[in-house]
Amino acid sequence: MIERLLPSSTARAIIGWLIVAAILVLLWALVGNNYHLRLLISAGTAMIAVIPFGLLMGHMGYMAMGQGGFVGVGAYVIGCFTVQRFELDFWAVLPVSIIITAVLAYGFSFLLFRLRGYHFSIGTLALGQLLYLAFDSWEWVTGGPHGTSGIPRPAIGEYVFGTNSRFFILVAVILFISAFSSWWLARGQVGRALSAIRQDEDLAAARGLNVLRYKQFIFVFAAVWAGVSGALYAAMQISIDPSSFTIWSSFQQVIYVIIGGTGTLLGPAIGVIFITFLDQLIADFGVWNQLILGSLIVITVLFFRGGLWGGIRMLARLALNAVGLARAAKAPRPGAAE
Amino acid sequence: MDAILQIENLSKRFGGVEAVKAVSFDVPRGGLVGLIGPNGAGKTTFVNLVTKHDSPDTGTVMLDAKPMHNLPSFKVARAGLARTYQKNRLFFEESVAENLRTAMIWGGAAKHEGLRYPGLQGREEERTKELLDFFALTPQRDSLPSGLSHLHRRRAEVAQALALAPKLLMLDEPFAGFSRDEAFDLIEHLRACQKGGLTMLLIDHNMEVMMEVCEYLYVMHHGALLAAGTPNEVRANQDVINVYLGAET
């Protein structure tokens with residue numbers, strides 16, 4: 001009954017992506033306030049990392065707790081090559097940043113994927129901390145505790161992404177690519193493999209799946225997007241220091257996914273939007289805001305196993321069921337008297 | 001003897017426990033061979049070592065004269081060595097048909113010459129349909145494993161293993177939780193596959209069923225090979241009698 005009310009999966013996908021694009025364009029056109037634009041850029045930059053991270057954590061079931069480290073690597077490579085040690089162009093450095101993040105993630109993946117479950121989480125936590133210590137100590141590259149400042153805003157020819165309005169365009173385009181590439185992977189063979197790994201990775205291997213290759217691929221994929229997010233963060237903030245890439249920044253990514261909903265692409269995005277705006281709402285509560293945030297996480301984990309997106313879907317399904325039942329009740333019964 | 005599987009000196013130690021001790025044996029091509037032993041004999045560890053779910057400390061495993069002991073488990077599966085598990089395992093979020101299709105995609109196209117059992121010919125959809133029909137699972141094709149009876153789940157698991165188009169199938173306690181009739185129903189299906197060229201190694205501790213079903217038996221006890229022979233030879237072996245009847249001193 002519900003299926004008849006919904007368009008086909010391809011049509012749904014096209015409609016969905018058109019809506020995403022339209023929302024981004026509308027936000028750019030309608031939001032004029034600099035502060036609100038800054039919030040949107042912040043949320044967009046986080047989403048660039050969190051949506052691919054959702055594949056690793058939600059689809060594959062590996063809760064990495066060191067993603068903040070990869071955000072930092074992306075940011076510091078930009079900082080080091082554009083201002084700290086060299087004066088190269090942002091667009092020339094971005095591929096370098098991607099390659100360095102990918103190589104680091106690939107190298108560590110051999111060690112980390114010897115671990116599973118909580119052990120893997122602890123391993124990634126240690127990696128995140130290790131990277132943080134490197135940012136804090138390796139002054140020649142990072143500037144140490146004082147960080148790197150004077151990072152230039154990117155430009156294409158004469159068009160400098162200098163204002164928040166312009167920078168939003170850059171973030172929106174890259175966010176679209178990040179989300180689309182994650183969706184593309186999730187719907188095909190990679191998605192099927194990730195889901196099988198989450199369900200039973202020994203069985204998947206026994207049925208011929210190269211489990212390690214898929215785990216490494218998605219770990220590197222999530223790390224690269226975390227690095228790109230860091231690169232944009234560095235360009236947006238102009239100056240960066242290690243305090244932005246602590247373990248807390250890694251926890252935040254996990255929280256976004258849990259609050260928004262695991263196993264879907266929209267869930268983590270909803271998590272980012274929700275937490276960003278909740279942060280604003282409870283900013284005046286001082287020390288109590290962390291208590292409110294913590295309580296919300298507990299409530300979500302206890303009562304909404306699918307996160308906020310799971311809750312929304314459940315409500316939509318109930319509404320569609322109600323519509324379907326109402327239609328069925330109105331339809332004349334076969335054989336009923338005219 | 002034309003051995004499809006040759007195992008030499010396979011050993012595994014977990015801390016102070018020697019779970020498998022220098023086990024060597026061959027499985028003849030097209031045979032239905034059994035590996036029996038009481039609980040804790042090391043049978044499942046042995047299966048895990050052969051299929052590379054665990055790495056052996058020493059020893060070699062050759063399938064069709066090709067070494068398996070230095071390959072990861074997914075390559076062992078693709079080489080034609082499939083297994084089932086003591087505790088029934090399927091992808092619980094996928095339908096029965098999807099479980100089969102998944103194995104077909106990852107295992108590669110049916111490529112083993114000389115095999116003729118169900119589910120080898122045609123495209124994925126035809127192969128899936130043939131396997132479902134063979135195991136009388138067509139009415140359950142769109143069901144999730146959680147909605148299946150124990151019998152149907154076990155059949156689906158065997159069908160999924162066969163979807164890999166293996167040369168050799170290792171079944172770990174396939175009759176656990178089955179009545180005698182259900183066990184022999186599964187055996188009939190397995191025998192039909194054997195006629196189609198499939199070699200099987202059954203691992204169980206149910207002496208009665210294994211004696212009736214298998215052409216040749218190996219007996220494990222405390223991680224080591226205790227005896228080998230035809231069911232009649234094993235039945236008459238004093239060491240086996242001691243282990244199973246508790247007369248060991």
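The model is predicted, so local features need pLDDT of at least 70 and side-chain atom pairs count only at pLDDT 80 or more, while totals for chains, interfaces and linings use all residues. Residues are numbered from 1 along each chain as its sequence is written, and chains are lettered from A and ligands numbered from 1 in the order in which they are written.

I start with the interface. On the chain A side, 14 residues are in contact with 18 residues of chain B; contact means C-beta atoms, placed from the backbone, within 7 Å. Helix 9 of chain A, residues 189-206, supplies the largest share of the chain A side, nine residues. Helices here are DSSP runs of H or I, at least four residues, numbered from the N terminus. By type, the chain A side has six nonpolar, four polar and four charged residues. Nonpolar is Ala, Val, Leu, Ile, Met, Phe, Trp, Tyr, Cys and Pro; charged is Asp, Glu, Lys and Arg; the others, Gly among them, are polar.

Next, a helix pair within chain A. The axes of helix 4 (residues 67-84) and helix 10 (residues 211-237) come within 6 Å and cross at roughly 50 degrees. Axes are lines fitted to C-alpha atoms over the stretch in contact, and angles run from 0 to 180 degrees between N-to-C directions. That makes helix 4 of chain A oblique to helix 10 of chain A, oblique being what remains after under 35 degrees (roughly parallel), over 145 (roughly antiparallel) and 65 to 115 (roughly perpendicular). Residues making this contact include Phe70(A), Gly74(A) and Ile78(A) from helix 4, and Ala223(A), Gly227(A) and Tyr233(A) from helix 10. The contact divides into 13 nonpolar, seven polar and no charged residues.

Now helix 11 of chain A. Eleven of its 14 residues are buried, so helix 11 is largely enclosed by the rest of the structure. Buried means 20 or more other C-beta atoms within 10 Å of a residue's own. Among the buried residues are Gln252(A), Gln253(A) and Tyr256(A). The cover includes helix 3, helix 4 and helix 12 of chain A. Just after helix 11, Gly261(A) takes a positive phi of about 135 degrees.

Last, Gln160(B), in helix 5 of chain B, residues 150-162. Is Gln160(B) buried or exposed? Gln160(B) is buried, with 28 other C-beta atoms within 10 Å. Leaving out residues up to four places away in sequence, Gln160(B) touches Arg207(A), Leu90(B), Asn99(B), Leu100(B) and Ala103(B).

Conventions
Two residues are in contact if their C-beta atoms, placed from the backbone, lie within 7 Å. Helices (H or I, at least four residues) and strands (E, at least two) are DSSP runs, numbered from the N terminus. A residue is buried if 20 or more other C-beta atoms lie within 10 Å of its own, exposed if 12 or fewer, and partly exposed in between; C-beta atoms are placed from the backbone.
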